[in-house]
Amino acid sequence: MSEKKINLKKIANYLDGKIIGEEDCEVENILPLDLANKHDISFLYSKKFIDKLKTTKAKVVVLEEEYKSFNGSFSIVVKDAHFAYAKLTQLFKQGMDKIGVSPDASIKSKSIDPSSYIGPKVIIEEEAEIGKNVKILGGVYIGSKVKIEDNTLIYSNVSIYSETKIGKNCIIHANSVLGSDGLGFANKDEKWEKIEHLGIVKVENEVEIGSGCTIDRSSTGETVLRSGVKLDNQVHIAHNCEIGENTIIGAKTAIAGTTKVGKRCKIGGGCGIIDNINLCDDVTAVSYTHLTLPTICSV
């Protein structure tokens, strides 16, 4: 919960919204309609919560034009209340202002920007590059020749194997693994011969990876998460996959090797997608879908 006090006019300007009520009042927290009190700001982005809107004690409610007549509190009227709520959470989020390297970290790289923070028990190997304002929390392992660009946040106990590339403004949650080998073996005489994975993982800008995810390095070339990709928890992306820009993937989905997912796809939780298929742009796959066709354009 935030401990900030934020002026209503500042919030309205940030959301490109219109104030109905007192402009100079302040709010302290964001809370749901039924939990908010006279110090809080709340939100309505679905008509099924109108009854709660009528009885809320919130000082201010963010909502769309069609619902303002139901509100007895001050209002900030916006075009898209759900999108406005997302932006509002960013305004209230407490930033991490730590910089420097913990004395308990093990650092072999000489390319760490002084504006970044390296937490306790972090290991950073030779020739890794850490950009500006990067935050790496306790227990993270970063292999040799990894490159992490500006303003990326890496939570505790993430493992990033050698040569992985991570772009700007990314978030990687706890216990995820980037760059481990995929399932690559050749069979002869009922025995398995390992195929060494010689490629890398490349994560572009503004990607968020949930906790406990695994992104395999490619056998050759790159496994790629394009800019704006969002992964829920426990998602597996296998070797040589490409996930297109602004695609979002729900928890426990597994995508097998050399599969290409298009731009702006929405893949629900628990889906299974086999190897060597293509999903077109803007595909929606509901939860627990099993995709096996060579090319998928809508599910």
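**View 1. Val177 in strand E21.** Val177 belongs to strand E21, which spans residues 177-180; strands (E, at least two residues) and helices (H or I, at least four) are DSSP runs numbered from the N terminus. The model is predicted, so local features need pLDDT of at least 70 and side-chain atom pairs count only at pLDDT 80 or more, while totals for chains, interfaces and linings use all residues. Residue numbers start from 1 along each chain as its sequence is written, and side-chain values use heavy atoms, with hydrogens and water left out. Leaving aside residues up to four places away in sequence, Val177 touches Ser159, Tyr161, Cys213, Thr214 and Ile215; contact means heavy atoms within 4.5 Å. The C-alpha atoms of Val177 and Val158 are 5.9 Å apart in space, and the two residues are 19 apart in sequence.

View 2. Strand E18 (residues 159-160) runs parallel to E21 and is joined to E21 by 2 bridges; two strands pair if DSSP finds at least two bridges between them. Ile160 stands opposite Leu178 of E21. E21 also pairs in the parallel sense with strand E26 (residues 214-216), over 3 bridges. Here Val177 faces Thr214 in E26.

**View 3. The open sheet of 10 strands.** The strand order is E9-E12-E15-E18-E21-E26-E29-E32-E35-E38, and the pairing is parallel. Strand E9 (106-107) and strand E38 (290-291) stand at the edges with a single partner strand each, so one side of each has no neighbour in the sheet. Within this order, strand E12 (residues 123-124) and strand E15 (residues 141-142) run parallel and are joined by 2 bridges. Ile124 stands opposite Ile142 in E15.

**View 4. Strands E24, E27 and E30.** Strand E24 (residues 200-203) and strand E27 (residues 222-225) run parallel, with 4 bridges joining them. Val203 stands opposite Leu225 in E27. E27 pairs in the parallel sense with E30 as well, over 2 bridges. The bridge partner of Val224 in E30 is Glu242.

**View 5. Two loop residues with positive phi.** Asn240 is not a glycine, yet has a positive phi of about 70°. Asn240 sits in the loop between strand E29 (236-237) and strand E30 (242-243). Tyr288, also not a glycine, has a positive phi of about 65°. The loop that holds Tyr288 lies between strand E37 (284-285) and E38.

**View 6. The open sheet of 5 strands.** This sheet has the order E2-E7-E6-E5-E4, with mixed pairing. Strand E2 (18-20) and strand E4 (29-30) are at the edges and have a single partner strand each, so one side of each is left without a neighbour in the sheet. E4 pairs with strand E5 (residues 40-43) in the parallel sense over 2 bridges. Asp40 in E5 is the bridge partner of Asn29.

**View 7. A positive surface patch.** Lys132, Lys145, Lys147, Lys165 and Lys168 form this patch. Patches are made of residues with over 30% relative accessible area and no salt bridge, with like charges joined within 9 Å and nonpolar side chains (Val, Leu, Ile, Met, Phe, Trp, Tyr) within 5 Å. Accessible areas come from the Shrake-Rupley method with a 1.4 Å probe, and for residues only the protein chains shown count as cover. A salt bridge is a side-chain nitrogen of Lys or Arg within 4 Å of a carboxyl oxygen of Asp or Glu. Lys132 lies in the loop between strand E13 (129-130) and strand E14 (135-136).

Notes:
Lys and Arg count as positive and Asp and Glu as negative; His and the chain ends are not counted. The place of a charge is taken as NZ of Lys, CZ of Arg, CG of Asp or CD of Glu.
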